[in-house]
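Subject: Structure handover

Dear colleague,

Here is the structure I said I would pass on. My notes on what was found in it come after.

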Amino acid sequence: MSTSTLPVLNLSPPRILLPTARVTMPVHMSVGEELLQLVQESETQPVLAAVPVSSGENVILHDWGCAARIVRIVRPPRLVNSSRLRPYLLTLQGLSRVHLLGNKVTRNTLNAPVDHVVQFPADEGVPTAEAASIFKSAATTLLSRLTKDAAGEARRDLYTKFSVMVEEVSNQRTPWMADVLIASLDADYADKLDFLSAVEANDRLKRATAILVKQTSITEVSKKVAQSLDESLSRQQKEFFLRQQLAAIQRELRNLQRSSAITRGKLSDGTDTSSGKLADTVTSELDDDEQAEADDMAGIRTKIEAMARDSEERRMAVREWRRLGRTPAASAEHGVIRNYVRATGTYMQLEWLTAVPWPASAVSAAMSNPLVALHDREFLVKARRQLDSDHYGLEKIKKRLIEYLAVVRLKELQAEKETRLQAVEADKSAQAAADAPSSKADGLPAQNDSKALVSYSQEKAVGIPKQPQVHIRATRKTGVKGPILLFVGPPGTGKTSLGQSIARALNRPFERISLGGVRDEAEIRGHRRTYVASGPGNIVQALRKAGRPDPVILLDEVDKIASSNFHGDPAAALLEVLDPEQNHSFRDHYINVPIDLSQILFICTANTLDTIAAPLLDRCEIVHLSGYTYDEKIHIARKFLIPKQLKANGLTADHLTLTEPALLHIATRYTREAGVRSLERAIGAVVRYKTVEWAEYCDSIGAELDSAVPIDNVAGEGYKKVVEEHELEQILGIARWDEEEREREERRGLVYGLVVTGMGEGGILPVETSVVPGSGKLKLTGSLGDVIKESAELALSWVKSHAYELYITQTRSQDPLKNPDPVDIHLHLPSGAVKKDGPSAGIAMTCAFVSLLTGACVPNNIAMTGEITLRGRVGPVGGIKEKVLGAHRAQVTKVILPWANRKDVEHDVPLEVRTEMEFVFVRTLEDVLEAAFGKGVIGWRGNVMLVESRL
Ligand SMILES: Nc1ncnc2c1ncn2[C@@H]1O[C@H](COP(=O)(O)OP(=O)(O)OP(=O)(O)O)[C@@H](O)[C@H]1O
């Protein structure tokens, strides 16, 4: 037993050094400096005593410590301009136990080494074989368990190495082995402290064994706990825990971001910037997920409760709700299940199910009160005023719409009366049933049981904020089977905006569904829920957007809907929607509960009737909008389009005046359309041009844009507010239609017919013919359909059969195409890419053949339309108004029309057009030839055919 004086290094808990162990630890700078000096002064590696201390103001040294050699001491790099003290890194190698003598209380808080007298214990002795083997077996058990559970390869290797060492170590060296093992184990500080004072070999082995056994049991128990936790936690619970952790991490990240935002705010100018404050004080609604979820669920619940009792939608919603509610709302699993449900789409479906404004739901009843407008005795007057203020002209259509609104009003009021009677009946039966306890079959209270509704929602809403009570009784309203209007006409004639006006007049929401290019039935009827990314169809979507069961829904472009294909038949689905007999139980595949669409007012629009399926047409009442005359267009422009464009471009009427000739010039030379869309665009271009001029002018005189009053400076200086005809070329470029006017020529074999395009727009179409060498055949080009081809053959046959009378051939038996030389006739209708069909070009083609074979020309101010028969009769055709307006736009002054269409002209064609044009109504082809070529230009040999053709 020897004593010595060693510098004592204090080790604060939980740090401890055992003999054989090597540790590296940070030490305070002052301690580091002293140790460094010690190293520099001594020739060998200096030894100190590493002694554990109790923490507190007065540090008390433990009785036992460990003599340790200083292996290395690392001075930290000195930081420039830094006053911070960085710790030294000290590496010690534990040598042997030392016992401290004398006073062990020190005030050295910095743990600077102070010399202290220590005693090295005498010989530790030899352990007994029994103690050694007990120790070995305890060590082996623990090590094998640790090896098995080790997380990493390196750890496993270490434990294996220890196992081998324990196996091979001699009994005499077991105390040393005990030091090695205990030093490297993650044992308790107190146990290790106790172990440090065990000098005698057997004693040391005993204490080491105790520690090893304790560690073994700790490892076993924690493994068992982990296992049992693993088994008891279901997948959902695990996911819940993970989500909770995720939420906690997200919260922490948010806090971190917020605090860094504040720091940035502070750093930028030394004070709290607004951004820093903002980040600190303003909490986004996006942060509060839980509250938002609770609100969503409460909203859904209220809507379910408001659904009519015994309705299918309510049953379905309750079923879905129960799925959600199977786990109590307060339980931790609720969130997880909701997420599961949401993932599988059930939650989405419930959300959609409750978002539909069910006609019989109390929520719908609370939101919609359309009958207020209908009860107004001034309803029709106001509606007329509304239509007038939104649209110019369209007198006939407005009259028809007023009739329509009158019918809708009457039917709605009748339906309301019926509903009221039903409600009285229902009240009576409810009174009778009041004594009997109500059976709550679906777990939710009856719809008209309003008290129950309140108490139910208050009692049962677990974890969901309570919603204000809905006190409205909703009874299923009788559906109103109003007519379905179909507006047909060219683009830009106001079909869509008329629909909007109707909705405004009825005080109902307006929704537009565009059917152009809809190929898939599911777009109307929704996808089945089994379908990936399924969703409801656009009818349900429109209903949800409207938020009421009785909106006005405009089905735009029904003529562009695709017919039956491998995606189903969208037209057939539309048929169900529009059929008043079926649409009270429309079934959307996604919602999967019959929806009553009978309260919706459907209005359809189309450009043409040709492509609309007959059954669909049959359900609609057709209203034709055939386009505007120039006069109407000028009025529409003055009253609606110019003010609209001025407003859209930030000018006022003080800034711009379009002269009458300028406006007419725009309408005639820059646009050629039935509607007013291009006109509106052209006016927009003029307004924008003037906006730039105005801004430049204001900038040049240094005036505010909105304060200066425009000066009408005709001299050309400053800003000129009047736009005249001659300026249009500079503003809008070269007029588009000038050229064609000049191109319309008068030639042999060329006649102008009248057509209605696929867009419903009328116009003129040249019929070109020419003679080519051949064998007496007719060649037809220009994307012609079967009917028009037959019509051409018919025309040629008639001309051939009357060639002798028309002085084309010398005898009745001669074929004009084979005599004197065999020739072919080629007939072409320009715009070869556009498909053409129909019989209405019959008289134009006949005139073209006659012109070609006789050499007489039809003047280019004449256009014609009419179907022919083989006997030379002229039959009526459709689209007269469009065709006449088209001819008027093309500056044709004389039109030849079938006699049977006389009434159409009188009724449909506006007076100003009628007065500007000459109309010739014809019964026979002879009349046509006379009207087209002029009286007596085409000679008739004898009167035979004339008589026959008049039969
Ligand atoms: N008689 C009118 N009075 C006032 N404005 C009109 C009139 N007719 C059309 N308009 C205006 O013309 C524009 C185009 O009308 P709208 O969109 O209703 O055309 P549409 O017939 O539905 O065309 P599409 O067939 O291309 O859908 C709208 O801004 C509308 O207000």
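The ligand lies between domain 4 (484–624) and domain 5 (630–737), because both give residues to the shell around it. The domain bounds come from an automatic or database domain assignment. This is a predicted model, in which local features need pLDDT of at least 70, side-chain atom pairs count only at pLDDT 80 or more, and totals for chains, interfaces and linings use all residues. Residues are numbered from 1 along each chain as its sequence is written.

The ligand shell

There are 19 residues around the ligand, and those that come nearest are Pro491, Gly494, Lys495, Thr496 and Ser497. A residue is counted as near if its C-beta atom, placed from the backbone, lies within 6 Å of the molecule or strand in question. Helices (H or I, at least four residues) and strands (E, at least two) are DSSP runs, numbered from the N terminus. By class, the shell has six nonpolar, 10 polar and three charged residues. Here Ala, Val, Leu, Ile, Met, Phe, Trp, Tyr, Cys and Pro count as nonpolar, Asp, Glu, Lys and Arg as charged, and the others, Gly among them, as polar.

Helix α23

The helix α23 has a kink of about 50°, centred on Ala637. The bend at a residue is the angle between axes fitted to the seven residues ending there and the seven starting there. Buried residues in α23 include Lys633, Ile636, Ala637 and Leu641. A residue is buried if 20 or more other C-beta atoms lie within 10 Å of its own, exposed if 12 or fewer, and partly exposed in between, with C-beta atoms placed from the backbone. The buried residues of α23 pack against β16 (657–658), α24 (660–670) and α25 (677–701). Just after α23, Gly650 takes a positive phi of about 80°.

The chain and its cores

The chain has 34 helices and 26 strands. Of its 951 residues, 34% are buried. Among contacts with a separation of 6 or more, 76% are between residues 24 or more positions apart. Two residues are in contact if their C-beta atoms, placed from the backbone, lie within 7 Å.

The largest nonpolar core has 81 residues, and those with the most contacts inside it are Cys847, Phe849, Met864, Ile896, Val928 and Ala932. Helix α29 (residues 842–854) supplies the largest share of this core, nine residues. The core lies between domain 5 (630–737) and domain 6 (744–949), because both give residues to it. A nonpolar core is a set of buried Ala, Val, Leu, Ile, Met, Phe, Trp, Tyr and Cys residues joined through C-beta atoms within 7 Å. Leaving aside neighbours within four places in sequence, the contacts of Ile896 include Ile843, Ile862, Met864, Val928 and Ala932. Apart from this core lies another, of 63 residues, with Leu555, Ile595, Cys620 and Leu625 among them.

Leu625

Leu625 sits in the loop between β15 (620–624) and α23. Leu625 is buried because 23 other C-beta atoms lie within 10 Å. Beyond its neighbours within four places in sequence, Leu625 is in contact with Ile397, Phe487, Val488, Gly489, Thr493, Gly494 and Lys495. Two of these contacts, Gly494 and Lys495, are also listed among the residues that come nearest the ligand. Leu625 and Lys881 are 256 residues apart in sequence, with their C-alpha atoms 9.6 Å apart in space.

Individual positions

Val823 is in strand β21 (residues 823–828). With 19 other C-beta atoms within 10 Å, Val823 is partly exposed. Its C-alpha atom is separated by 9.3 Å from that of Leu778, 45 residues apart along the chain.

Some backbone geometry may be worth a look. The peptide bond from Pro13 to Pro14 is cis, with omega near 5°, and Pro14 lies in the loop between β1 (2–11) and β2 (22–27). Leu394 has a positive phi, near 50°, in a residue other than glycine. Leu394 is in the loop between α15 (379–390) and α16 (395–433), and counts as buried because it has 21 C-beta neighbours inside 10 Å. For Tyr807, phi is near 60°, again positive in a residue other than glycine. Tyr807 lies in the loop between α28 (786–801) and β21, and with 13 C-beta neighbours inside 10 Å it counts as partly exposed.

Regards
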